[in-house]
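Me: I have a structure open and would like to go through it with you, piece by piece. Could you keep the answers plain?

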Amino acid sequence: MSFLTATQPELIYAGFTAGTAYNTSTAATCISPRGNTTPLPYLPPGFFSAAYGQNRKLRIVARGTISNTATPTLILAAYFATTDTATPGTMVAATGTATTATGLSTAIWEFDATITCGAPGPVPNLYAMGRLEINPTTAVGGTYGVGSSTAVTSLSTEAAYYVQIVATWGTSSASNTMTMFDTEVWGLN
């Protein structure tokens, strides 16, 4: 706790469970581990409150493994859904279309994004900034930006949200595969 601001970061959710491997598809697919014993991270109604939500921040960190044989493109994103579902909800943070390094073999990736409420209200303006890092052991890795200067304005402060990590391959191949293992969701203030 900081005695200057009287606030502290709070770990809202932490989990380490293998999700279902994502490959052979170019559709936006939820790769977050989920099921009866591993629910998606949950944000209660009013997390980005209309009354005190100005500059409220949420940090989403996800980690997993990635393999490929060529240089497929990839989009990795955080979504908010209104139910604990595998169907992607509303995108709140995303990479651009990233061209991955070739020959990745169980390389570690880390998605780290901070969502900030720029303007509270019944329909808040949410902004995102962060990064995606792919750290292979033998190939060249990469760091990609996450975020947008355009606000997400289609969500309500009165709804509860489940946090999803969603991947979209540019090429469908059994060799292009991602698995998500680790999830952290932090309330920063």
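Me: Which residues have the most contacts inside the largest nonpolar core?
Reply: This is a predicted model, and in it the largest nonpolar core has 41 residues, with Phe80, Trp109 and Phe111 having the most contacts inside it.

Me: Which strand gives the most to this core?
Reply: That is β8, with six residues, although β4, β5, β6, β8, β9, β10 (142-152), β11 and β12 each supply at least two residues of the core. As a general background, nonpolar side chains in soluble globular proteins tend to be buried together.

Me: And what does phenylalanine 80 touch?
Reply: Leaving out residues up to four places away in sequence, phenylalanine 80 touches a list of residues that includes Leu43, Phe48, Leu58, Ile60, Val92, Leu126, Leu155 and Tyr162.

Me: What does the second, separate core include?
Reply: That second core has five residues, among them Cys30, Ala77, Ala94 and Val166.

Me: Back to β8, how many bridges join it to β9?
Reply: Eleven bridges join β8 to β9, and the two strands run antiparallel. They form a hairpin with five residues between them, and in the turn glycine 121 has a positive phi of about 150 degrees.

Me: What about β4 and β8, in which sense do they pair?
Reply: β4 and β8 pair in the antiparallel sense, over ten bridges.

Me: Where does valine 123 lie?
Reply: Valine 123 lies in the loop between β8 (107-119) and β9 (125-135).

Me: Is valine 123 buried or partly exposed?
Reply: Valine 123 is partly exposed, because its relative accessible area is 47%, which falls between the 20% limit for buried and the 50% limit for exposed. Apart from its neighbours within four places in sequence, valine 123 is in contact with Thr153, Ser154 and Leu155.

Me: New topic, how many salt bridges does the count come to?
Reply: The count comes to eight salt bridges. One of them is formed by the side chains of arginine 34 and aspartate 84, at 3.2 Å from N to O. Arginine 34 lies in the loop between β2 (29-30) and β3, whereas aspartate 84 lies in the loop between β5 (73-81) and β6 (90-94), so this pair ties together parts that are 50 residues apart in sequence.

Me: Which residue forms a salt bridge with arginine 63?
Reply: Arginine 63 forms a salt bridge with glutamate 184, and their closest N and O atoms are 3.3 Å apart. This pair links distant parts of the chain, since arginine 63 is in strand β4 (residues 57-67) and glutamate 184 is in strand β12 (residues 177-187), 121 residues apart.

Me: What about glutamate 110 and arginine 131, how do their side chains meet?
Reply: They meet in a salt bridge, at 3.1 Å from N to O. Glutamate 110 is in strand β8 and arginine 131 in strand β9, so the pair ties together parts that are 21 residues apart in sequence. Glutamate 110 counts as buried, because its relative accessibility is 17%, while arginine 131 is partly exposed, with a relative accessible area of 26%.

Me: Last topic, how many aromatic pairs does the structure hold?
Reply: The structure holds five aromatic pairs. One of them is tilted, and it is formed by tyrosine 42 and tyrosine 162, with 5.2 Å centre to centre and 55 degrees between the planes. Tyrosine 42 lies in strand β3 (residues 42-43) and tyrosine 162 in strand β11 (residues 161-169), so this pair ties together parts that are 120 residues apart in sequence.

Me: Why is the pair of phenylalanine 47 and phenylalanine 48 edge-to-face?
Reply: The pair is edge-to-face because the ring planes are at 85 degrees, and planes over 60 degrees apart count as edge-to-face; the ring centres are 5.0 Å apart. Both phenylalanine 47 and phenylalanine 48 are buried.

Me: What sits over the ring of phenylalanine 47?
Reply: The charged end of arginine 56 sits there, 4.2 Å from the ring centre.

Methods
Residues numbered from 1 in each chain as written. Predicted model: local features only at pLDDT ≥ 70, side-chain atom pairs only at ≥ 80, totals over all residues. Heavy atoms only, no water. Helix = DSSP H or I, 4+ residues; strand = E, 2+ residues; numbered from the N terminus. Buried < 20%, exposed > 50% of the residue type's maximum accessible area, 1.4 Å probe, protein only. Contact = heavy atoms within 4.5 Å. Phe/Tyr/Trp six-rings, centres within 6.5 Å; stacked < 30°, edge-to-face > 60°. Lys NZ or Arg CZ within 6 Å of the ring centre and 35° of its normal. Salt bridge = Lys/Arg side-chain N within 4 Å of Asp/Glu carboxyl O. Pairing = 2+ DSSP bridges. Core = buried A, V, L, I, M, F, W, Y, C linked by side-chain atoms within 4.5 Å.
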